[in-house]
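Please read it with the sequence and the coordinates open.

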Amino acid sequence: MLTALYVPANRPDRFAKAVAAGPDLVVFDLEDAVPVDDKADARSWAVAWVAARSGGSFEVRVNAAGTPWIEDDLAALAAVPAVRIRLPKVESATDVRRVLDQVPTARITALIESPLGLERAFEIAMADPRVVAVALGEADLMSSLGVDGPEGLAWARGRLVSASRAAGLGAPMLSVYPHVNDEDGLRRTCLEGRALGFVGRTAIHPRQLAPIIESFTPSATQVADAAALLAAVEKAGVAEGGVIVLPDGRMVDPAMLGRAREIVDLMNQLEH
């Protein structure tokens, strides 16, 4: 999965358009994008849409714990089988378990948006097998950390990648790029995230999807190199141990296979 697209849940006229844009996941936002007076209607519209399309690639970002709307959000979603919930401002495994107690069939994407949540990133990722992903809420996190630019988030991003991998969740998706009209900036920051170990990104506008896909898709050279490496290792029979030298002079051992397999697997997913 390379793309997720937010759609404000108080804009049902945009729901079908968001799906038609072709993201891997559509995220119905009940939280930041929705004014207080629209919360109830937004909840009804989003839950009805998701419930009527069982098996679709949808997720609902609920309101945060401690707000006046979270209990109603969870009560409504409890009636939707296997719903994906994007849970904001998670600071502990207990936060995750409380939601799962109320919506037992849910799958959770935990958003980490504070220094405390960041310190507990691995604990949160390991809270329950129904946690399927962790992600950063970078706007809130930047404010909490007192940093003004992406340089101040480099450590936080690396920590999230490590926590996600250590918990067996794979590579996380990069957080949104808020400047919708800045395609160059979007591409640049996607490549920065890719270099840190992220795979894919959440978008706030359909026009961001194509640059995200292009930025996170392995190049033809990377795919060819990965395939050649795997073929050479298999031919030499050293997948479990030993070292071989490829025709270009690279020394290859089993420790290098994981990355090569990920590249090939990602391309296979994109092609299908």
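Glu-113 sits in the loop that links β5 (107-112) to α5 (115-119), where helices (H or I, at least four residues) and strands (E, at least two) are DSSP runs numbered from the N terminus. The model is a predicted one, in which local features need pLDDT of at least 70 and side-chain atom pairs count only at pLDDT 80 or more, while totals for chains, interfaces and linings use all residues. Residues are numbered from 1 along each chain as its sequence is written, and side-chain values use heavy atoms, with hydrogens and water left out.

**Glu-113 and its surroundings**
- Glu-113 counts as buried because its relative accessibility is 6%; buried means under 20% relative accessible area, exposed over 50%, and partly exposed in between (1.4 Å probe, protein chains only).
- Neighbours within four places in sequence aside, Glu-113 is in contact with Pro-88, Lys-89, Gly-137, Asp-140, Leu-141 and Ser-144, contact being defined as heavy atoms within 4.5 Å.
- A polar atom of the Glu-113 side chain lies 2.8 Å from the backbone nitrogen of Lys-89.

- In an unreviewed entry, UniProt lists Glu-113 and Asp-140 under "binding site"; UniProt positions are given in the numbering used here, feature names are shortened, and annotations may be inferred rather than shown by experiment.
- These two residues are spread over 28 residues of sequence but cluster in space, with a largest C-alpha distance of 5.5 Å.
- The lining of the largest pocket includes both Glu-113 and Asp-140; on a 1 Å grid over the protein atoms alone, a pocket is an open set of points where a 1.4 Å probe fits, with protein on both sides within 12 Å along at least five of seven lines, and lining residues have an atom within 4 Å of a point.
- Asp-140 belongs to helix α7 (residues 138-145) and is partly exposed, with a relative accessible area of 29%.
- Not counting residues up to four places away in sequence, Asp-140 touches Lys-89 and Glu-113.

- Arg-61 is found in strand β3 and is buried, with a relative accessible area of 9%.
- The side chains of Arg-61 and Tyr-6 are joined by a polar contact of 3.4 Å, a term for a pair of N or O atoms within 3.5 Å of which, within protein, one must be able to donate a hydrogen and the other to accept it, residues adjacent in sequence counting only if both atoms are side-chain atoms.

**Strand β2 and its partners**
- All 5 of the 5 residues of strand β2 (residues 25-29) are buried, so the strand is largely enclosed by the rest of the structure.
- Leu-25, Val-27 and Asp-29 point one way from β2, whereas Val-26 and Phe-28 point the other way.
- Strand β1 (residues 3-8) pairs with β2 in the parallel sense over 5 bridges, two strands being paired if DSSP finds at least two bridges between them.
- Strand β3 (residues 58-61) runs parallel to β2 and is joined to it by 4 bridges, with Asp-29 standing opposite Arg-61.
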